[in-house]
Amino acid sequence: MSEANPSLPTESAARAAAARHELTPRMPAFLADLETLVNLDSGTYDRDDVERVSAWVKARCAGWGAELDEHPGGDFADSFAATLHGQGRTRIALVAHLDTVFPHGTAAARPFRIEGDRALGPGTCDMKAGLLAAIYAVEALRSGGFDGFGRLRLICTTDEEVGAPSSRDFLERQAAGADAMLVLEAGRENGDIVGQRRGGGFFRLEVTGRSAHAGVEPEKGRSAALTLSRQVVALHALTDLAAGNTINVGTLRAGSRPNVVPDHAVAEVDVRANTTDDMAALLARAEAALAREALEGTNYTWTPTQFRPPWEANGARCCSGARFDRTPGRRAAVVASPRRNAHRIRRSIGTVGRAGAHRRRRSRLRRANRRYWRHLGRQFHGRARPPHTGRPGAGGRPRPRAAGIRRHLLDRAAHSAARRSHRGHRRGVSETGVSTLRFGAGNT
Ligand SMILES: [Zn+2]
């Protein structure tokens, strides 16, 4: 926890001091609860396991007299929101997810433990400590008798690690109208909090051509592999690290055997950008590049399978005195202490940041977001396909896919292999020169 921050108004400083006074002796209880939660497996796909964690958290919230709002998760555990109503006006939402990326049995194999100043175990950092930080923060406010908020809501989802297919709508509904929203993922290594997040998505690029025997009648073939390879090179060329725009072709598959011109090729592509405008421009350039590089006689589809718009800096500031990191981060993380190298666990229950009311900027961002979603909507529903799109009926509504996070900006293997096949073409080698392609493991 942070020391008193002289920049805080007196009343807030007094409240922060009271919360600190309340929380410090609770550290052993916090660690005991953390041990309980970490030792309960909650891999996203293990519904019963996640429900057990959910039941633990709900029982705790019920103890506050919070209003519980549950949302059926289908194949996933049910998400829920716990809401407290106060006498003030500000509406605050705390966001946490109950699931982890670790399957059933992981906690038994390597249970919670403390080594030096670090708490370890599956899901400790992502994000059971953050979830508990929310719970302890609410409890500290309550025990101090504070009810100066209008609405204080803890939203717990159960499938964040796979892109929130069942909880996204619920989360959006529950968060609507909030003046401040704090996502309690872990902060940066140095204690910084993250106030901006890149947008990104996965796209499936599927090419069809015409198959032919590579020895007998190569001229009749139209290589899907060659079109895809040209497109891969063109897509990678759009990466602009300085601007924060990146495109990575994470997987490639084409063809069945060396002596057959491949009539089918597929790539999975990761696209990221810092701002809504950048993302729209990048996607427009990508679509133009795909159309330009497609060879005659081949068709392709370019379909988003998962997408998150960029979260641009919105003027939020931190009242703990923590430095506010405005560089793009992969996580929306909020709780942090200003002291570098501070105790990691203490950091996770540090003072909470707060968003300023920058209304004009917010409404500009909302308008930009709406524009962006309209742009995406056209793609999702196939009304704005590029000119080479073939295969009627392909695409359609995207299916959410399992996704963790991997941050390789450029897949050198994909890049150089595609470049080799492209060079072969330019040297006059027949289009049948590349018959099979297969590399890359995933684009998450
Ligand atoms: Zn997380």
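Start by selecting A164: with 23 C-beta neighbours inside 10 Å, it counts as buried. Here "buried" means that 20 or more other C-beta atoms lie within 10 Å of a residue's own, "exposed" means 12 or fewer, and "partly exposed" is in between, with C-beta atoms placed from the backbone. A164 lies in the loop between strand 6 and helix 6. Its phi is near 60 degrees, a positive value in a residue other than glycine. Most residues other than glycine have a negative phi, and most peptide bonds are trans.

Before you go on, two notes. This is a predicted model, where local features need pLDDT of at least 70 and side-chain atom pairs count only at pLDDT 80 or more, while totals for chains, interfaces and linings use all residues. Residues are numbered from 1 along each chain as its sequence is written.

**Zoom out**

Now show the whole protein chain as a cartoon. You have eleven helices and 14 strands to look at; helices (H or I, at least four residues) and strands (E, at least two) are DSSP runs, numbered from the N terminus. Of the 444 residues in the protein chain, 44% are buried. Among contacts between residues at least 6 apart in sequence, 78% join residues at least 24 apart. Two residues are in contact if their C-beta atoms, placed from the backbone, lie within 7 Å.

**Helix 6**

Go back to where you started and select residues 168–175, which form helix 6. Which of its residues are buried? They are F170, L171 and Q174. Look down the axis of helix 6 and these buried residues fall within an arc of 100 degrees, so they line one face. The arc is that of the directions from the helix axis to the C-beta atoms. Turned away from it are the exposed residues D169 and E172.

Next, select residues 10–23, helix 1. From first C-alpha to last, its 14 residues reach 20 Å, close to the 20 Å expected at 1.5 Å a residue. That expected span is 1.5 Å times one less than the number of residues. Colour A16, A19 and L23, which are buried. Down the axis of helix 1, the buried residues fall within an arc of 60 degrees, so they line one face of the helix. Helix 5 is among what covers them, while T10, E11 and H21 are exposed on the face turned away.

Move along to helix 2, residues 27–38. Its buried residues are F30, L34, L37 and V38. They too line one face, because they fall within an arc of 90 degrees seen down the axis of helix 2. What do they pack against? Show helix 3 (47–63), helix 4 (106–109), strand 5 (118–120) and helix 5 (124–143) to see their partners. On the other side of helix 2, P28 and A32 are exposed.

While helix 5 is on screen, find M127, which belongs to it. The peptide bond joining D126 and M127 is cis, with omega about -5 degrees.

**Strand 9**

Select residues 199–208, strand 9, and find G201 in it. Is G201 buried, partly exposed or exposed? It counts as partly exposed, with 19 C-beta neighbours inside 10 Å. Leaving aside neighbours within four places in sequence, G201 is in contact with V271, P304, Q306, F307 and R308. T208 is in strand 9 as well, and it is buried, with 21 other C-beta atoms within 10 Å. Draw a C-alpha to C-alpha distance from T208 to G297: they are 8.7 Å apart in space and 89 residues apart in sequence.

**Last stop: helices 7 and 8**

Finish with helix 7 (residues 224–236) and helix 8 (residues 276–293), whose axes come within 9 Å and cross at roughly 145 degrees. Axes are lines fitted to C-alpha atoms, for helices over the stretch in contact, and angles run from 0 to 180 degrees between N-to-C directions. Show T227, R230, Q231, A234 and L235 of helix 7 with A286, A289, L290, R292 and E293 of helix 8, which make the contact.
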